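Trainee: Could we go through this model together? I would like to begin with the packing and then turn to the charged pairs.

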Amino acid sequence: MKKPGVLIISHGSQEKTWVESVDDAISRLNLPDTLPVEAGFLELVEGRLIQDGINRLEAQGVTDLLVVPLFVSSGSTHVDEIEYAIGAKDAPERETDLEPFEVKARVHFGYPVDNDPDIAVMVWDKVRSLSKQPEQETVLLVGHGSIHDGFRQRWEAGISSLAERVKQISGVAHTDYALLNPDSVSDKVKYWSQERECRVIVAPLFLSAGYFTRHVIPRRLKDLEYAYSGDTLLPHPLLGQWLERQIHFLLEQCNKA
């Protein structure tokens, strides 16, 4: 007899408000009462790490773990190492220090945000107030990126497709993307603001505010003209919809297995 349980995994943050926003989204999920849900964090949230979440679910008799990786890109090396460490694949693509978790349940592993339509709406909602003349503006999505071959290409595929979705729903003249790794942020803002004479709105593709959104992005754009609020994807009510779709997809996979 199968008993599924949901483990939503994200990086974790020292920002208490960010952890609370994840918990709030989970508390609002419209799921069967019989389906237990736990949040597990890769680091920084003591007592609520990934192994803690696994242990809590298995203590409730869960036989099948439905694992949702709450990361913005399948190009994240963290997604790769977590997928390996939790037993969803035999080996990581890159060497990792993450030790395998102790898991008795069968694991069903989901997929990150990438270019999901709901996330495009979230991106636009976070920068909409900065838009003044859409027909003369470019929304530039800025993501963490990766210098590692294979991972970089996944980052580029997801964020470029997401940028196109933002263009379709926003009505701005152009959308584009830039990555912090390898760094293309300054060059992209210069291109759109100076060569194309557009007003550039920078949209950080990060789940939570922190060092990258408060310091790294502004530092890379020093002395350039752009609009930026630093608002990240969370909190946002649409995150719950994305999570629910992921969970229902994994439930179907579990029932077929």
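Mentor: A nonpolar core is a set of buried Ala, Val, Leu, Ile, Met, Phe, Trp, Tyr and Cys residues joined through side-chain atoms within 4.5 Å. Buried means under 20% relative accessible area, exposed over 50%, and partly exposed in between, with a 1.4 Å probe and protein chains only. This is a predicted model, in which local features need pLDDT of at least 70, side-chain atom pairs count only at pLDDT 80 or more, and totals for chains, interfaces and linings use all residues. Residues are numbered from 1 along each chain as its sequence is written, and side-chain values use heavy atoms, with hydrogens and water left out.

Trainee: Which residues touch the most other members of the largest nonpolar core?

Mentor: Val123 and Leu141 do, in a core of 50 residues. Helix α8 (residues 238-256) gives the most to this core, namely eight residues. Helices (H or I, at least four residues) and strands (E, at least two) are DSSP runs, numbered from the N terminus.

Trainee: And what is Val123 in contact with?

Mentor: Leaving aside neighbours within four places in sequence, Val123 is in contact (heavy atoms within 4.5 Å) with Leu141, Leu162, Val166, Ala203, Leu205 and Leu233. There is also a second, separate core of 17 residues, with Leu7, Val79, Ile86 and Phe109 among them.

Trainee: Changing topic: what is the order of the three strands in the open sheet?

Mentor: The order is β6-β5-β7, with parallel pairing; two strands pair if DSSP finds at least two bridges between them. The edge strands, each pairing on one side only, are β6 (174-181) and β7 (199-204). Strand β5 (residues 137-145) pairs with β7 over six bridges, and Val139 stands opposite Ile201 in β7.

Trainee: Now the charges. How many salt bridges does the structure hold?

Mentor: The structure holds 16, a salt bridge being a side-chain nitrogen of Lys or Arg within 4 Å of a carboxyl oxygen of Asp or Glu. Arg245 pairs with Asp116 at 2.4 Å, N to O. Arg245 also forms a salt bridge with Asp118, where the closest N and O atoms are 2.8 Å apart.
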